[in-house]
Amino acid sequence: MKRDHDNNAATASVREFAGQDRYDTALRLAKNFATSKGGLGSVPAAFVSSGETLVDSISVAGLAGYVDAPILLTPTGSLHGGVADFIEDYGVSTVYVLGGSAAIADSVVTSIEGLTSKPKVTRVSGDDRYATAAAIASMIDAESSWCDTDAVSAVLINGATDMMPFGVAVQTIAYRLQLPVLMTAADELPDATAEYITENDVEHVQIVGGTGTVSADVASALTTLGVDTVARVEGDSAAAVSVALAALANDGCGDDLGLVSNDRVALVRGNPDGVVAAPVLASSFAGGYLVTPLVVGDSLPASVRDHLAATPQNIGTNRLNLGILAVGGTAAVSEATMKAALEAAASTAALTVRIGAASDTNKDGATNADDPVRPDPAATGTATAIDASASPPTGPMISLYFSDAVTATANVERIKDVVEINGIPAIVLNAAGNAGAVCDQTRIDVTLGQALSAGDVISIDGSAVKLGTSTDQRTFGSATTTVTAPAPDRVRPTISIVGIAGAATARATFEISFNDNVGLAGTAQLATDEVRIVGGPGGTSPAPTVTVAHTAGTNSAVATVSRDLVAGDRLIINPGAVEDAAGNKSAGTSGAAIKAQASPRINRVLMSDLKHTAHATWTVPAGSVGGVTGTGAGITIRAKGDGDAAGAAGNDWSMVFDRASTYSPAKPLDIGVSVDPKGKRVTVRFNNGPATATLGDLIKTLNADAEFSALFSAGFTSCSLAAENSAGSAVLGLVTARNVAAGFSDSGRTQFAIEVNFNAYVDVIRNPNLLEDLLAATRVRTRPSAAETVAEGNTRVQTAATGGDGAAAGGGLTIFADLNADSPALPVVDASAAPVRSVRYEFETSQVRYLPMARDLVQTAAGHAGAAAVTGPPAYSAITADAGVATGYAADAPATGTTDTTTAADRVDENLNGSSQNRIQVSNSVKAPS
């Protein structure tokens, strides 16, 4: 049964791109585009066009494809608030304003430049719409070609306002091919257009529309200019042209366009909603597949009806479900038009399958069809035990990932009939829906009764088998995968050597550390006969002796020299001294002792990307599933890991279930879903519905809502409940109260790491003080109360580089360590550990407001000899965070055993750190906690 994309009787209120007006529709489209690029902060450029004239946005599709940017609309005389928020929220650093001041006023440009993020604004304009189109085309710094031609090409459309729908029809192809879109009058080629064609040596011009749109005289003028070929997409109406272009995209232009969807189309109105849809239809709406736009008017044009009626029932062995997307609200594409389109194309839902591992074998943090199937025995060398008598049976496991729900009981028995290994029916002990935390109805885990070896080909062919729910049984296509062994480890272990000469306390040791991408052999890595030392300037002759202390299995060692180190002393380690678990041996390595440096400073503060390790979940209130026997609430809602509610951010959201005062059980099921990103709330209102409605109906309604599904997913809590629903017995009881809050787990967690790099090796790191400086800007933003400061005192730290750990105030950030949660301060990491050039902190938070941000300022004051009497200096240069009288800290005295009673608050001790100012930078070189 073919349905509107919202899966809810085609109600306008849940259409994905139905904004309150043209500006809101453009914003919804832009946000869909941004989500596909990574969400907040992921859109470097955007175009802003007038929502009143609209003509300039028609000509920007090719440039938008070249820049890979969305198109936004704003009133001529003022900056739309939603556009301002989009620029700020999605990190837009470059804004292209289309048209002159008559289209978008200079005050709008000033408003954009005055935003907090200070984007760069470039106006692209000409003396008229034709010159503006030429100016836009000139910014495409590439030679683009029309379908099935290698010639330098351009698209030519009629630039009259009433001819705008013709431009809408070609926008999506122009975006994908990055083609200049030029404008002409019906009977005369404008000078600006002619100049562009001549200056850019355009060899092919593709006219959009019949001779009633762009005359034969214009085509002749193009030939006179020297254009080699002039072609035309015929059609007396924009609708007919859009159908011709759709056919071209799916046939003659397929190789040039790349991925083109054969199971989705979009209905667009020429003006205004269709003009800004190209970036979404060409790239983000269907996961990278181009969705062809069909131009409609107040009713469904005959040409579009005929095109939809020609929809095939099958693509290969798969039944086809043609998804029809309406761009804009009912004023753009009416309910009658949508209903007529649905009736014209009577196709059936497609079902596809992919084969993957049942665990995260590619280590990307997700288990899905992208995980390669590995051979058995596993990397541990222990084969998976095969026990057919166990319940459930045990053995090697693979997973089948379907495009729709297939987990009714009968399905798993059919699966056993179609799985083959190397062309021979596989021994299948069990096939069951994946339960997990939420039953995944699209995944079936298959337990095999035979081992898997590298090179085995696993295949499944469902052309003769029907799967699905009790009411929707469909065949599916074939799928294969090859069992692959992990790539062998051929990476040598590495060795680093640190030696400090001339320190405040003399040193006679080199610190040695080993590292490997997989793991070192669990034996002692070094022996004294593997190392030797060459004396530096002033060293004794012959060279001093060296001994090595090392514990088996650890990744460090200490080489003790028979005298104090002298700058230039070099420790040499023989090739093959260190071996990893795979038998790879280290290369020869050496390291020289360097002179101690006074007043070390912080060079850089780097932060990893955020890693969302757990996501918030909600359970539907029990009152909404009262008809289900013995299954509890039954529905779990989970924040998606790739949405703006991922990790800690999801903990700020609430789910509210409501029943309208006008609710009637005599009317068809009507469940409204409202998503409020600003208030962080989802409201689900039962407007009407019969007693026979099921839990699956509620799940479908939730997941069909575009705003909801961008952030959350809903599913059955158990696969047994999914089976009940498939049988029609999981009846949905309706809430009787108003605004019932869903149960909430508060389980969202986000992790990240911060690395502090110094300009010299340091011995002493006062972690509480350094952490206070790192998080100073965060705490200014959050302004915690005194009670909150105490309550958040369980902030903990692990300094991976030094081995020191303890607790420190951080305000809502858990810093990993196995420590007493109430410990008030983190002790100094002293010179008993090896000197380091950097220190790493790993954080986790359940509250997104406590996250540090890129560009946060980290200021560290110079070390002071404070007013209090103190003794015992560090053995080598110290890093202290914000030490001195201003914060009540007393730094170490300048000499061992002495007492410093000075009262000069700003006297700097050169043995302590120098001052520094750095801004936090997000860097790929710093990895999130593993």
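Two strands pair if DSSP finds at least two bridges between them. Strand 24 (residues 494-501) and strand 25 (residues 509-515) meet this rule, pairing in the antiparallel sense over six bridges. The model is predicted: local features need pLDDT of at least 70 and side-chain atom pairs count only at pLDDT 80 or more, while totals for chains, interfaces and linings use all residues. Residues are numbered from 1 along each chain as its sequence is written, and side-chain values use heavy atoms, with hydrogens and water left out. Helices (H or I, at least four residues) and strands (E, at least two) are DSSP runs, numbered from the N terminus.

- Within the antiparallel pair of strands 24 and 25, Gly499 stands opposite Phe510 in strand 25.
- Strands of a sheet pair through backbone hydrogen bonds, either parallel or antiparallel.

**Helix 6**

- Seven of the ten residues of helix 6 (residues 129-138) are buried, so the helix is largely enclosed by the rest of the structure; buried means under 20% relative accessible area, exposed over 50% and partly exposed in between (1.4 Å probe, protein chains only).
- The buried residues are Tyr130, Ala131, Thr132, Ala133, Ala134, Ile136 and Ala137.
- These buried residues of helix 6 pack against helix 2 (55-58), helix 3 (61-67), strand 3 (94-98), strand 4 (120-124), strand 6 (181-184) and helix 8 (191-199).
- At the N-terminal end, Asp128 caps helix 6, with a side-chain oxygen 3.1 Å from the backbone nitrogen of Tyr130.

**Aromatic rings**

- Rings of Phe, Tyr and Trp (its six-membered ring) pair if their centres lie within 6.5 Å; planes under 30 degrees apart count as stacked, over 60 as edge-to-face and the rest as tilted.
- The count by this rule comes to eight aromatic pairs.
- Phe708 and Phe712 form a tilted pair, 5.5 Å centre to centre and with 45 degrees between the planes.
- Phe708 is buried at a relative accessible area of 0%, and Phe712 is buried at 0%.
- The rings of Phe752 and Phe843 have centres 4.9 Å apart and planes at 10 degrees, so this pair is stacked.
- Phe752 lies in strand 42 (residues 749-762) and Phe843 in strand 47, so the pair ties together parts that are 91 residues apart in sequence.
- Phe752 counts as buried at 0% relative accessibility, as does Phe843 at 0%.
- Ring pairs link Trp618, Trp653, Phe708, Phe712 and Phe744 into a cluster.
- Arg837 lies over the face of Tyr761, 5.3 Å from the ring centre; a charge sits over a ring if NZ of Lys or CZ of Arg is within 6 Å of the ring centre and within 35 degrees of the ring normal.

**Salt bridges**

- The structure holds ten salt bridges, each a side-chain nitrogen of Lys or Arg within 4 Å of a carboxyl oxygen of Asp or Glu.
- Asp24 forms a salt bridge with Arg28, the closest N and O atoms being 3.5 Å apart.
- Both Asp24 and Arg28 lie in helix 1 (residues 22-37), four residues apart, about one turn of the helix.
- Asp24 counts as buried at 19% relative accessibility, whereas Arg28 is partly exposed at 24%.
- A network of salt bridges links Asp24, Arg28 and Glu707.
- Lys37 forms a salt bridge with Asp68, with the closest N and O atoms 3.1 Å apart.
- This pair links distant parts of the chain, with Lys37 in helix 1 and Asp68 in the loop between helix 3 and strand 2 (71-74), 31 residues apart.
- Lys37 is partly exposed at 34%, and Asp68 is partly exposed at 33%.
- Asp298 and Arg269 meet through their side chains in a salt bridge (2.6 Å, N to O).
- Here Asp298 is in the loop between strand 10 (290-296) and helix 13 (302-309), and Arg269 is in strand 9 (residues 260-269), 29 residues apart.
- Asp298 is exposed, with a relative accessible area of 64%.

**Two loop residues**

- Ser608 is in the loop between strand 32 (602-607) and strand 33 (611-614), and counts as buried at 1% relative accessibility.
- Leaving aside neighbours within four places in sequence, Ser608 is in contact (heavy atoms within 4.5 Å) with Phe752, Ala753, Val922, Ser923, Val926, Lys927 and Ala928.
- Arg849 lies in the loop between strand 47 (836-845) and strand 48 (857-860), and counts as partly exposed at 39% relative accessibility.
- The C-alpha atoms of Arg849 and Ala648 are separated by 9.0 Å, the two residues being 201 residues apart along the chain.

Key. A polar contact is a pair of N or O atoms within 3.5 Å; within protein, one must be able to donate a hydrogen and the other to accept it, and residues adjacent in sequence count only if both atoms are side-chain atoms.
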